Amino acid sequence: MTELQRDDNFQWTGDTVECESGIHWGIAEQANGVVAILVNSPGGVLTGKQVRVLAEIVGEDGVIKNTRRMASLLLIPKEKVGSALEQLQAVGLRVANLHKSVRNIAACPGKGFSANSRGDTLGLAKVLDETFYGTILPWDFKIGISGCPRNCTGVQCQDLGLMAEPRGKYSLWIGGSEAGMNPAHGTLMRKGIPLEQVIPVVKRILETYTAAAEEFGSELGEGSLVKLYHVLEKTGFERFGQAIEEVLSNPIVK
Ligand code: SF4
């Protein structure tokens, strides 16, 4: 089984961002010369202190754009990027990934906020982020969590979607794609996954995806052609189904 590697080291050179592992970090010069920094916030959650720092970075009349993946896009002059990165780090904020890793985790408000919710979403988004942030993957990987079948996060449109069921369990979809030329709905792989098994199951799916992308590399191509749903066209769902059952049949596998 392919061992997952993580890399959250990147360097801002003053002009561009460099990273040895090839992960694409969310810092990019825009057409008008302004630099956009994409700030990670699992489930879109920020503390008041963090919001204040984001406001300080962009300035009184600056712009913060919330993205569909619940991250915050800061638009600032290039010469401010270095100090902005230090300010973000000081309040526990990190730059989001674009490609070759896990994107900002999307989650609806869930338990404690939404009256409809069947289970936790924001806590799970935080744990998923802590576990998989900066994991090196074949291409970008979107995870979304909904707290009930009203499905405000659109779990079928994610590479991996989780939906809370009653009594602390989750249903799992894989292989969706919300954007691109060929958007696709994911497939329901499993119901009734206990909360404590969600992280081991996601880890095994990422391992299976990485190994299969390597195996079919020359047939797949590069870039978005290595997204999970393209890999699934080669492997079929059975390989992933078996990997999930293997984890669930052995609660001590982490
Ligand atoms: S998916 Fe359900 S729990 Fe989550 S915000 Fe929508 S209605 Fe509420």
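This is a predicted model: local features need pLDDT of at least 70, side-chain atom pairs count only at pLDDT 80 or more; totals for chains, interfaces and linings use all residues.
Visitor: Which residue in β7 is the bridge partner of V39?

Guide: Strand β5 covers residues 35-39 and strand β7 covers residues 72-76. The two strands pair in the antiparallel sense over five bridges. In β7, the bridge partner of V39 is S72.

Visitor: Which residue takes a positive phi in the hairpin of β6 and β7?

Guide: Strand β6, residues 63-66, pairs with β7 in the antiparallel sense over four bridges, and V63 stands opposite L75 in β7. The hairpin has five residues between the strands. The residue with a positive phi, near 70°, is M70.

Visitor: Which are the edge strands of the open sheet formed by five strands?

Guide: The order in this sheet is β9-β10-β11-β12-β13, with mixed pairing. Each edge strand pairs on one side only. The edge strands are β9 (106-107) and β13 (187-194).

Visitor: What angle does the direction of helix α7 make with that of β13?

Guide: Helix α7, residues 238-248, packs on the sheet. The helix touches β12 (169-174) as well as β13. With the direction of β13, that of α7 makes an angle of about 0°.

Visitor: In which sense, parallel or antiparallel, do β9 and β10 pair?

Guide: Strand β10 spans residues 143-146 and is joined to β9 over two bridges. In β10, the bridge partner of A107 is I145. The sense of the pairing is parallel.

Visitor: Why do the buried residues of α3 line one face of the helix?

Guide: In helix α3, residues 122-132, the buried residues are L122, L124, A125, L128, D129 and F132. An α-helix has 3.6 residues a turn, so residues three or four places apart point the same way. What covers the buried residues of α3 includes β9, β10 and α4 (195-215). Seen down the axis of α3, its buried residues line one face because they fall within an arc of 155°.

Visitor: Which residue with a positive phi follows α3?

Guide: The phi in question is near 75°. The residue that follows α3 with this value is G134.

Visitor: How many residues of the shell around the ligand are charged?

Guide: Residues around the ligand include C108, P109, G110, S114, N116 and S117. Also among them are S146, G147, C148, R150, N151 and C152. The shell divides into four nonpolar and seven polar residues, and the number of charged residues is one.

Conventions: Residues are numbered from 1 along each chain as its sequence is written. Two strands pair if DSSP finds at least two bridges between them. Two residues are in contact if their C-beta atoms, placed from the backbone, lie within 7 Å. Axes are lines fitted to C-alpha atoms, for helices over the stretch in contact, and angles run from 0 to 180 degrees between N-to-C directions. A residue is near a molecule or strand if its C-beta atom, placed from the backbone, lies within 6 Å of it. Ala, Val, Leu, Ile, Met, Phe, Trp, Tyr, Cys and Pro count as nonpolar, Asp, Glu, Lys and Arg as charged, and the others, Gly among them, as polar. A residue is buried if 20 or more other C-beta atoms lie within 10 Å of its own, exposed if 12 or fewer, and partly exposed in between; C-beta atoms are placed from the backbone. The arc is that of the directions from the helix axis to the C-beta atoms.
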